[in-house]
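Please look through the model shown here before reading on, and keep it in view as each part of the fold is described.

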Amino acid sequence: MTSEGTVSNRGAGSGGAELGRFLRARRIQTSPEQAGLTVGAGVRRTPGLRREELATLAGISIDYYVRLERGKETRPSPSVLDSLARALRLDDQEHQHLRGLAARAARYAPEPPPAPSRTVRPHLKLLLESLRPNPAYVISRSMDVLAWNPGGLALYAGLDDWPLKQRNLARYLFLHPAARDLFPDWNRQITGCVARLRAIAGTAPDAPDLTNLVGELLLKSPDFAGLWERYEVTGRKPAQKTFQHPQVGMVTLTSHSLHVEGTPGQRIGIYTAEPGAPDHDALLLLDMTTPRPEHGSAPFTPGAIRRQP
């Protein structure tokens with residue numbers, strides 16, 4: 001017996017299992033009132049909607065819906081998916097995620113894909129250097145920090161205490177002792193983080209980079225386990241993020257996330273502030289925080305781009 005909260009080979013026996021987990025999570029978090037039902041007096045033992053209520057709202061048989069939720073039905077039609085999305089009041093991102101899960105269930109392949117490459121192209125490392133003093137880094141789809149400039153590493157206080165391969169923004173949020181102090185809105189940050197991981201893992205649950213990270217966090221962080229069980233996929237990164245940094249104090253920065261074409265899901269994260277503002281002065285101070293020399297691959301080539309005085 002495996003937990004419904006895990007991913008793929010840790011908790012799924014077929015391509016439809018992830019689809020079923022998502023439907024169940026959304027069903028138990030949708031109240032009858034939200035679905036437009038009138039509930040009579042008395043105590044309901046089932047959180048959210050009952051299976052038969054959702055099936056009726058979606059216009060499908062109870063038996064068919066039960067098979068969907070149990071992962072035994074893997075080819076629901078687009079009209080069935082749309083009906084379920086309407087009944088569950090899914091937003092556009094959740095609706096698209098449901099379609100993606102159904103598409104994967106229909107073509108399920110038992111062999112897990114290889115982990116994506118962690119190699120960062122040299123010109124991306126030079127780009128990070130050219131963005132100084134703005135903190136910038138390259139992360140993988142599972143939030144491994146693959147390359148950075150000085151501010152990009154210093155911004156996440158204490159991240160440089162960890163070995164290179166352990167540096168991961170999700171791991172940092174949940175397991176690093178400095179994270180709760182760094183983010184005044186830590187609860188919001190972790191909710192969005194889990195939602196992004198859930199969205200990725202839903203369509204690639206066998207990928208070892210994701211299963212290893214999720215498995216570790218499920219074991220080590222009750223906060224992560226609770227959020228993972230909720231199966232929310234609509235977390236959105238706020239345009240601005242506030243840090244209570246131990247070196248430069250309170251700083252509010254505008255965040256940018258750019259997809260790198262031709263890579264296995266790599267993204268560039270950049271934080272900016274208005275030149276001349278106190279927050280920008282704080283970035284200048286962070287930029288002068290040079291991490292101690294490390295073994296292994298350097299995040300960028302020192303001196304490759306000379307900074308002008």
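## The chain as a whole

The structure is a predicted model, and its secondary structure comes to 13 helices and five strands. Of the 309 residues in the protein chain, 48% count as buried. The accessible surface of the protein chain comes to about 15300 Å², and 52% of this area belongs to carbon and sulfur atoms.

A further view of the fold comes from its contacts. Among the contacts in the protein chain with a separation of 6 or more, 61% are between residues 24 or more positions apart.

## The five-stranded sheet

The sheet is an open one of five strands, which pair in the antiparallel sense and stand in the order S2-S1-S5-S4-S3. Strands S2 and S3 form the edges, since each of them pairs on one side only. From one strand to the next, the twist averages 30°.

Strand by strand, the pairing can be followed in the model. S1 and S5 run antiparallel and are joined by four bridges, with Ala 136 having Ile 270 in S5 as its bridge partner. S4 and S5 also run antiparallel, joined by six bridges, and here His 259 has Arg 267 in S5 as its bridge partner.

Strand S3 (residues 240-245) pairs with strand S4 (residues 249-259) in the antiparallel sense over six bridges, and a hairpin of three residues leads from S3 to S4. His 245 stands opposite Gly 249 in S4, while Gln 240 has Thr 254 in S4 as its bridge partner.

In helix H6 (residues 122-130), the buried residues are Leu 124, Lys 125, Leu 128 and Glu 129. Seen down the axis of H6, these buried residues fall within an arc of 150°, so they line one face of the helix. They pack against strand S1 (136-139), strand S2 (145-148), helix H7 (150-154) and strand S5 (267-272).

Helix H2 (residues 51-58) has Glu 53, Leu 54, Ala 55 and Ala 58 as buried residues. Just after H2 comes Gly 59, which takes a positive phi of about 75°.

## The nonpolar cores

The largest nonpolar core has 44 residues, and those with the most contacts inside it are Tyr 156, Tyr 172, Phe 174 and Leu 197. Helix H10 (residues 186-203) gives the most to this core, with six residues. Apart from this core lies another, of 24 residues, which includes Phe 22, Leu 54, Ala 55 and Ala 58.

Which residues does Leu 197 touch, not counting residues up to four places away in sequence? They are Ser 142, Met 143, Ala 170, Leu 210, Leu 213, Phe 224 and Trp 228.

## The loop between H6 and S1

The loop between H6 and S1 holds Pro 133 and also Asn 134. A cis peptide bond joins Arg 132 to Pro 133, with omega at about 10°.

Is Asn 134 buried or exposed? Asn 134 counts as buried because its relative accessibility is 17%, and the cut-off for buried is under 20%. Leaving aside neighbours within four places in sequence, Asn 134 is in contact with Asn 149, Ile 270, Tyr 271, Thr 272, Ala 273 and Leu 283.

## Positive phi at residues other than glycine

Arg 89, in the loop between H4 and helix H5 (92-106), has a positive phi of about 60° although it is not a glycine.

Met 143 lies in the loop between S1 and S2, and it has a positive phi of about 75° although it is not a glycine. At 7% relative accessibility, Met 143 counts as buried, and it is one of the residues that Leu 197 touches.

Conventions
Residues numbered from 1 in each chain as written. Predicted model: local features only at pLDDT ≥ 70, side-chain atom pairs only at ≥ 80, totals over all residues. Heavy atoms only, no water. Core = buried A, V, L, I, M, F, W, Y, C linked by side-chain atoms within 4.5 Å. Buried < 20%, exposed > 50% of the residue type's maximum accessible area, 1.4 Å probe, protein only. Helix = DSSP H or I, 4+ residues; strand = E, 2+ residues; numbered from the N terminus. Contact = heavy atoms within 4.5 Å. Arc of directions from axis to C-beta. Areas by Shrake-Rupley, 256 points an atom, 1.4 Å probe, with all protein chains shown as cover. Pairing = 2+ DSSP bridges. Axes fitted to C-alpha atoms, helices over the stretch in contact; angles between N-to-C directions.
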